[in-house]
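I opened the notebook today to look through one model, a feature at a time. Here is what I looked up.

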Amino acid sequence: MDKQQQTELEAAAFRRLVKHLDSRKDVQNIDLMILAGFCRNCLSKWYKAAADEQGIEMSYEDACEQVYGMPYAEWKANHQKKATPEQLAAFEKVQKPE
């Protein structure tokens, strides 16, 4: 596999991950953070960082829209639920392991 093929496969895998996350709006970012240590916001930050590294002008809001498929404020209003006490406790536990 050459470098171009690798880049194309990585891009395809990223697009599939974003599509999968889009199909699972029921999975909250806090759940992702508890289980995997990253969330949609992390992907947005990584996307923006990659743009910055390439000298491509992109705002964090633009990066979020690439990951969420809509402006983050819209996604949050339509899909984000308030974290439960159990989720907050689990998140706190993974942030500060014993």
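First, a working definition: I call a residue buried at under 20% relative accessible area, exposed at over 50%, and partly exposed in between, using a 1.4 Å probe and protein chains only. By that scale Y72, at 23% relative accessibility, counts as partly exposed.

A word on the source. This is a predicted model, where local features need pLDDT of at least 70, side-chain atom pairs count only at pLDDT 80 or more, and totals for chains, interfaces and linings use all residues. Residues are numbered from 1 along each chain as its sequence is written, and side-chain values use heavy atoms, with hydrogens and water left out.

**Entry: helix α3**

I take helices (H or I, at least four residues) from DSSP runs, numbered from the N terminus. For the expected span I multiply 1.5 Å by one less than the number of residues. Helix α3 covers residues 40–53, and its 14 residues should span 20 Å; I found the end C-alpha atoms 20 Å apart, which agrees.

Which residues of α3 are buried? I noted R40, N41, C42, L43, S44 and A51. Their cover includes α1 (3–23), α2 (29–36), α4 (60–68) and α5 (72–79). Just after α3, I saw that G55 takes a positive phi of about 75°.

**Entry: the nonpolar core**

For a nonpolar core I look for buried Ala, Val, Leu, Ile, Met, Phe, Trp, Tyr and Cys residues joined through side-chain atoms within 4.5 Å. Which residues make up the largest nonpolar core? I listed L21, V27, L32, M33, C39, C42, L43 and V67, eight residues in all. Helices α2 and α3 each supply at least two residues of this core. As background, nonpolar side chains tend to be buried together in soluble globular proteins.

I then followed M33, with contact meaning heavy atoms within 4.5 Å. Not counting residues up to four places away in sequence, M33 touches F38, C39, C42, F91, V94 and Q95.

**Entry: aromatic pairs**

I pair rings of Phe, Tyr and Trp (its six-membered ring) if their centres lie within 6.5 Å; planes under 30 degrees apart are stacked, over 60 edge-to-face, and the rest tilted. How many aromatic pairs does a search of the whole structure find? The search finds four.

The F14 and Y47 ring centres are 5.7 Å apart with the planes at 25°, so I logged this pair as stacked. The pair links distant parts of the chain, with F14 in helix α1 and Y47 in helix α3, 33 residues apart. F14 is partly exposed at 27% relative accessibility, and Y47 is partly exposed with a relative accessible area of 27%.

For Y68 and Y72 the ring centres are 4.9 Å apart and the planes are at 50°, so this pair is tilted. Y68 counts as buried, at 2% relative accessibility. I also noted that Y68, Y72 and W75 form one aromatic cluster.

**Entry: Q28 and N29**

Is Q28 buried or exposed? At 7% relative accessibility, Q28 counts as buried, and its place is in the loop between α1 and α2.

My polar contacts are pairs of N or O atoms within 3.5 Å; within protein, one must be able to donate a hydrogen and the other to accept it, and residues adjacent in sequence count only if both atoms are side-chain atoms. The Q28 side chain reaches the backbone oxygen of K25 at 3.4 Å, and a polar atom of that side chain lies 3.1 Å from the backbone oxygen of H79. Leaving aside neighbours within four places in sequence, Q28 is in contact with R40, H79, Q80 and K81.

N29 sits in helix α2 and is buried at 9% relative accessibility. With neighbours within four places left aside, N29 contacts C39, R40, N41, Y68 and W75.

**Entry: salt bridges**

My rule is a side-chain nitrogen of Lys or Arg within 4 Å of a carboxyl oxygen of Asp or Glu. By this rule I counted three salt bridges.

- K25 and D22 meet at 2.7 Å, N to O; K25 is partly exposed at 21% relative accessibility.
- R24 pairs with D26, with the closest N and O atoms 2.7 Å apart.
- K48 pairs with D52, with the closest N and O atoms 2.9 Å apart; both lie in helix α3, four residues apart, about one turn of the helix.
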